[in-house]
Amino acid sequence: MAEMDEQMVVDGVSGCSCEWEGRWNHVKKFLERSGPFTHPDFEPSIESLQFLLETCKILVIGAGGLGCELLKDLALSGFRNIDVIDMDTIDVSNLNRQFLFRPKDVGQPKAEVAADFINSRILGCHVVPHFKKIQDLDESFYRQFHIIVCGLDSIVARRWINGMLLSLLVYKDGVVDQGSIIPLIDGGTEGFKGNARVIFPGMSACIDCTLELYPPQINFPMCTIASMPRLPEHCIEYVRILQWPRETPFGDGVALDGDDPEHIQWVYQRSLERAAEFNITGVTYRLAQGVVKRIIPAVASTNAVIAAACTTEVFKIATSAYLPLNNYMVFNDVDGLYSYTFAAERKENCSACSQIPLDLHFSPSSKLQEVMDYLTENASLQMKSPAITATVEGKNKTLYLQSVASIEQRTRPNLSKTLKELGLTNGQELAVADVTTPQTVLFKLSFTS
């Protein structure tokens with residue numbers, strides 16, 4: 001350590017005593033000279049490195065398999081002001097690929113342990129952890145970052161942060177103010193497949209513009225789950241879908257939380273009982289949690305490749321040295337090695353980033369349940385538990401809300417009523433709230449004959 005202290009100098013780039021001669025030579029090669037692949041408007045200078053080391057604030061969402069790789073890559077690339085959000089705690093099963101964690105860390109918050117590891121290992125780096133859900137933080141928190149990077153395993157969470165960044169946009173004469181744009185770099189992995197994409201909210205295709213690209217969740221037929229289970233997954237789904245709401249083990253209105261050990265333990269025990277009735281083996285605690293949380297098997301090498309691609313895009317955008325990815329890269333090494341880049345197009349009628357209410361075409365005799373089914377089953381919407389409100393006869397009226405038990409019970413009869421019976425008219429605006437977005441989505445009701 002004494003020898004390292006002797007080598008440490010203030011190199012004039014950041015004035016930080018943790019620097020040593022030549023530490024950032026690999027980064028300087030990209031920023032202090034031009035080349036055939038640099039951005040047409042790029043001017044080599046030392047200021048880009050100063051911005052990288054001293055000013056640029058990065059938010060990493062997720063500290064799991066992809067998140068650990070992202071934190072390591074960003075810190076080693078010179079990004080020092082990093083925040084990380086993750087609501088999970090460390091499980092033994094994480095240790096085979098989430099390399100910032102050790103056996104002693106099991107049970108501890110991922111964000112806090114990951115931040116401590118990076119801060120202690122990479123001199124000068126300051127990672128701030130947030131052990132909470134992304135929904136627990138407000139606009140002022142997200143507004144402080146220059147770039148946001150996602151390493152999530154949840155489509156709902158992706159859509160929510162996408163909606164948050166869209167809500168921060170400022171429009172002048174119908175044109176988005178580029179100073180209000182916070183770029184979103186999104187990475188995703190599924191086994192030996194992965195993708196990285198660059199999103200400039202309000203300008204390029206957002207998450208919801210390409211919702212059809214995400215694979216649908218595997219759903220088992222209800223008749224199989226209820227009457228003829230053959231797999232351990234059938235038993236777990238029976239408990240999740242039917243037994244939990246019927247028995248309400250933790251009180252009325254308490255939703256099943258895949259991150260609550262007590263909830264998963266209850267599901268696991270009831271699933272074992274169900275499996276024993278039909279002589280089915282293979283129900284484990286880990287499988288129960290995997291089914292409830294829709295966990296997809298992860299491969300460390302895929303995480304490394306996608307994190308490297310995402311970090312490269314962060315570097316390109318932060319320094320303006322190179323043109324960013326335009327705008328979607330897919331990676332597949334199931335059979336050999338394959339990658340492909342294409343430009344996903346922005347949808348004019350996107351439910352998230354379009355500036356006009358979306359049309360809902362129904363007849364006056366259609367029931368509210370049909371509208372609910374459309375909102376949840378339509379490939380370009382894929383809402384989870386939409387709450388519908390409308391202004392009827394000058395009063396704001398909740399037509400249906402599922403998340404609060406007392407209101408759900410009161411508004412449930414509306415599902416069997418027709419739109420005409422509910423007092424809705426042609427051209428009526430419906431405001432729909434959902435867990436997939438922090439914004440209320442507006443729809444315009446257009447009656448068909």
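E139 is partly exposed at 36% relative accessibility, where buried means under 20% relative accessible area, exposed over 50% and partly exposed in between, computed with a 1.4 Å probe on protein chains only. Its salt-bridge partner is R143, with the closest N and O atoms 3.2 Å apart; a salt bridge here is a side-chain nitrogen of Lys or Arg within 4 Å of a carboxyl oxygen of Asp or Glu. This is a predicted model, in which local features need pLDDT of at least 70 and side-chain atom pairs count only at pLDDT 80 or more, while totals for chains, interfaces and linings use all residues. Residues are numbered from 1 along each chain as its sequence is written, and side-chain values use heavy atoms, with hydrogens and water left out.

**Salt bridges**

- Side chains of opposite charge can pair when their charged atoms come close.
- By the rule given above, the count comes to 15 salt bridges.
- R143 and E139 both belong to helix α6 (residues 139-143), where four residues, about one turn of the helix, separate them; helices (H or I, at least four residues) and strands (E, at least two) are DSSP runs, numbered from the N terminus.
- R143 is partly exposed, with a relative accessibility of 46%.
- R159 forms a salt bridge with D208, and the closest N and O atoms are 3.2 Å apart.
- Because R159 lies in helix α7 (residues 155-167) and D208 in the loop between β8 (193-199) and α8 (222-227), this pair ties together parts that are 49 residues apart in sequence.
- R159 is buried at 3% relative accessibility, and D208 is buried at 6%.
- D88 and K293 meet through their side chains in a salt bridge of 3.6 Å, N to O.
- This pair links distant parts of the chain, since D88 sits in the loop between β2 and α5 while K293 sits in helix α11 (residues 285-293), 205 residues apart.
- D88 counts as buried at 17% relative accessibility, whereas K293 counts as partly exposed at 28%.

**The sheet of eight strands**

- Strands of a sheet pair through backbone hydrogen bonds, either parallel or antiparallel.
- Eight strands form an open sheet with mixed pairing, in the order β3-β2-β1-β4-β7-β8-β9-β10; two strands pair if DSSP finds at least two bridges between them.
- The edges are taken by β3 (126-130) and β10 (338-342), each of which has a single partner strand, so one side of each is left without a neighbour in the sheet.
- Strand β9 (residues 328-332) pairs with β10 in the antiparallel sense over five bridges, and N332 stands opposite Y338 in β10.
- Helix α5 (residues 110-121) lies across β2 and β3 and runs at about 175 degrees to β3; axes are lines fitted to C-alpha atoms, for helices over the stretch in contact (heavy atoms within 4.5 Å), and angles run from 0 to 180 degrees between N-to-C directions.

**The sheet of five strands**

- A further open sheet, again with mixed pairing, has five strands in the order β11-β15-β14-β12-β13.
- At its edges stand β11 (358-362) and β13 (395-400), each with a single partner strand, so one side of each is left without a neighbour in the sheet.
- Strands β14 (residues 429-434) and β15 (residues 437-447) run antiparallel and are joined by five bridges, and A431 has L442 in β15 as its bridge partner.
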